[in-house]
Amino acid sequence: MGQLVPREAVALLGQARRVVIFTGAGMSAESGVPTFRDALTGLWQRFDAQALATSQAFRDDPALVWGWYEWRRSIVGRARPNPGHLAVAAIEARVPDGALVTQNVDDLHERAGSPAPVHLHGSLFAPRCVACAHPAPVPAEEEPAEGRRVPPPRCAHCSAPVRPGVVWFGEALPQEALAAAVEATSSCDLLLTVGTSGLVYPAAEIPQVAARFGAAVIQVNPEETPLDAVADVNLRGPAARVLPALVEAVWGGTDPA
Ligand code: OAD
């Protein structure tokens, strides 16, 4: 593990005052939640992810799209935070200031003890009315229903269909979340990017904004990504191994500070 945590990364994290941790689907991969690009397996493999995650797809076939998100929510409901999520919460507890910004729509950061992740792409647990945007209750969890069409519930106020509370392709990011992310990113001295392909904009700009404002960037990802170019240190490995090793190297363990 020593080779996964070069001295430069230990020094950067050990000295940082304001740390932004920016996470993507790879963060939850070792909890058994498929990354976005891996999610269309099994019975879903005949669909195109980018075509399912759009408002047009929901208008065309609400039961297909709602069923897909219900299936993803059932996977998340059965998943547990992995040691990477716990290490993220440990870093947050140890650094003087910072923020956790995630593209993930699961709740594994919260369940690992992170107090207030900024969800740039919304949440599987915040359904709302497609017409009047009134929040709707999260349906009772059922058995995973891979490939099953599920008609969405109706809004209690206006009877329009309820939609998943996630950001779809072509939609704007939630204004408050984006503002919080940009504010934290433009004033941090270290940005740790974990498990994101760096392909989906505008979220992928977050590490670039940090670098532009003079922050150091550490990337954790087993694969090469376009973010390699902005990272000062690339830690090639899975988040659930690399992040606990990093915390161990800087502070000697992940037990509560
Ligand atoms: P992707 O599915 O695009 O990329 C996942 C990244 O995680 C890849 O770079 C993998 O190499 C990496 N990875 C896989 N396993 C890992 C592990 N164990 N530890 C660390 N990294 C690992 O997911 P995102 O970058 O999050 O947006 O995708 C961004 C957005 O694209 C998603 O939020 C979603 C999707 O379209 C919307 O739904 C709007």
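1. Basis of the note. Because the model is predicted, local features need pLDDT of at least 70 and side-chain atom pairs count only at pLDDT 80 or more, while totals for chains, interfaces and linings use all residues. Residues are numbered from 1 along each chain as its sequence is written, and side-chain values use heavy atoms, with hydrogens and water left out.

2. The chain as a whole. The protein chain has 10 helices and eight strands, where helices (H or I, at least four residues) and strands (E, at least two) are DSSP runs numbered from the N terminus. Of its 257 residues, 51% count as buried, a term that stands for under 20% relative accessible area, with exposed meaning over 50% and partly exposed in between (1.4 Å probe, protein chains only). The accessible surface comes to about 11,700 Å², and carbon and sulfur atoms hold 52% of that area; such areas come from the Shrake-Rupley method with a 1.4 Å probe.

3. Contacts along the sequence. Among the contacts (heavy atoms within 4.5 Å) of the protein chain that have a separation of 6 or more, 71% are between residues 24 or more positions apart.

4. Two strands are said to pair if DSSP finds at least two bridges between them, and strand 6 pairs in the parallel sense with strand 1 (residues 18-23) over five bridges, with phenylalanine 22 opposite threonine 193. Strand 6 also pairs in the parallel sense with strand 7 (residues 216-220), again over five bridges, and there the partner of leucine 190 is alanine 216. Between strand 6 and strand 7 the chain passes through helix 9 (residues 205-212) in a right-handed β-α-β crossover, that is, one whose path from the first strand over the helix to the second runs clockwise with the strands pointing away from the viewer.

5. From strand 1 to strand 3. Strand 1 pairs in the parallel sense with strand 2 (residues 97-102) over six bridges, where valine 19 has glycine 98 as its bridge partner. Strand 2 in turn pairs in the parallel sense with strand 3 (residues 118-119) over two bridges, and valine 101 stands opposite valine 118.

6. Helix 5. At 1.5 Å a residue, helix 5 (residues 62-78) should span 24 Å, which agrees with the 24 Å between its end C-alpha atoms; the expected span is 1.5 Å times one less than the number of residues.
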